[in-house]
Amino acid sequence: MANREALRDLQSRLAGRLQAARSEGVNVAAWLAVQAGGRDYLLPLTQSGEIFPWTGLQPVPYTQPWFLGIANLRGALMGVIDIAQMLGHGQARNEQELLECSLLAFNPALEVNAALLVDKLLGLRAADAFTQTEPPPERSPSFYGAVHVDGTGRRWQELQLQRLSQTAKFLSIRA
């Protein structure tokens, strides 16, 4: 319990520092850029948690194909979701391919014991990294945020992790 309180305290201090930096005109990274299933995504830093290398999982029978199983990440049991498969554009991976993937936990403040499987971590991005922002595509899921276009024309779909964690699909892992 004390660790959880210390973590929340750290997160609130970091959030305060980010807000202070923004008010001083310092350009602060807002997103973690990742690639999953060949597509580019931006995950809000305030909703993202710790990044882990691929680790062995305990499979859970009778679940959706995108729910890969349960992992022990620093003593916390977390469900692992293949975000690309969940969004309908990923494929099952073999063990060698999984070794190159990373797990991104949800921010503990969201109180969701889950981690997303992503193919590649592409670094941090700030708002000034993009030349254009568009609304989410028509009929996109409720957790899709804006589409950001960088200087090379590369399109980045923002995923709101808090909204994702509250969708019926995310909460219903049963096959």
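Q: Which residue of strand 5 stands opposite Leu 73?
A: In this predicted model, Leu 73 stands opposite Ala 76 of strand 5.

Q: Why are strand 4 and strand 5 said to pair?
A: Pairing requires at least two bridges between two strands. Strand 4 and strand 5 (residues 76-82) are joined by six bridges, and therefore they count as paired. They run antiparallel.

Q: What do strand 4 and strand 5 form, and how many residues lie between them?
A: They form a hairpin, with two residues between the strands. Arg 74, in the turn, has a positive phi of about 55°.

Q: What makes strand 5 mostly covered?
A: A residue is buried when its relative accessible area is under 20%. Five of the seven residues of strand 5 are buried, so the strand is described as mostly covered.

Q: In which sense do strand 5 and strand 7 pair, and over how many bridges?
A: Strand 5 and strand 7 (residues 114-118) pair in the parallel sense, over four bridges. Within this pair, Val 80 has Ala 115 of strand 7 as its bridge partner.

Q: What makes strand 3 and strand 4 the edge strands of the five-stranded sheet?
A: This open sheet has the strand order 3-6-7-5-4, with mixed pairing. Strand 3 (48-53) and strand 4 (67-73) each pair on one side only, and they are accordingly its edge strands. Neighbouring strands here are turned by 30° against each other on average, with direction ignored.

Q: Why is Ile 51 called partly exposed?
A: Ile 51 lies in strand 3. Its relative accessible area is 38%. The class runs between the limits of under 20% for buried and over 50% for exposed, so Ile 51 is partly exposed.

Q: Which residues is Ile 51 in contact with, leaving aside its neighbours within four places in sequence?
A: They are Leu 32, Ser 102, Leu 103, Leu 104 and Leu 121. Contact here means heavy atoms within 4.5 Å. Ile 51 and Leu 121 are 70 residues apart in sequence, with 9.2 Å from C-alpha to C-alpha.

Q: What is the order of the open sheet of six strands, and which are its edge strands?
A: The order is 8-1-2-11-10-9, with mixed pairing. Its edge strands are strand 8 (120-126) and strand 9 (130-134), each of which pairs on one side only. On average, neighbouring strands of this sheet are turned by 30° against each other, direction ignored.

Q: Why do strand 1 and strand 8 count as a pair?
A: At least two bridges are needed. Strand 1 (residues 29-36) and strand 8 have six, in the antiparallel sense, and therefore they pair. In this pairing, Gln 35 has Lys 120 of strand 8 as its bridge partner.

Q: Which residues line the second largest pocket, and how do they divide into nonpolar, polar and charged?
A: The space in this pocket is about 190 Å³. Its lining includes Gln 35 and Lys 120, and also Gly 37, Gly 38, Gly 90, Cys 101 and Asp 119. The lining divides into one nonpolar, five polar and five charged residues. Cys counts as nonpolar and Gly as polar.

Q: What share of the residues of the protein counts as buried?
A: Of its 175 residues, 42% count as buried. The protein has five helices and 11 strands. Among contacts between residues at least 6 apart in sequence, 56% join residues at least 24 apart.

Terms used:
Residues are numbered from 1 along each chain as its sequence is written. This is a predicted model: local features need pLDDT of at least 70, side-chain atom pairs count only at pLDDT 80 or more; totals for chains, interfaces and linings use all residues. Side-chain values use heavy atoms; hydrogens and water are left out. Axes are lines fitted to C-alpha atoms, for helices over the stretch in contact, and angles run from 0 to 180 degrees between N-to-C directions. On a 1 Å grid over the protein atoms alone, a cavity is a set of points where a 1.4 Å probe fits but cannot get out, and a pocket is an open set with protein on both sides within 12 Å along at least five of seven lines; lining residues have an atom within 4 Å of a point. Grid points are joined across faces, edges and corners, and a volume is the space filled by probe spheres set on the points. Buried means under 20% relative accessible area, exposed over 50%, partly exposed in between (1.4 Å probe, protein chains only).
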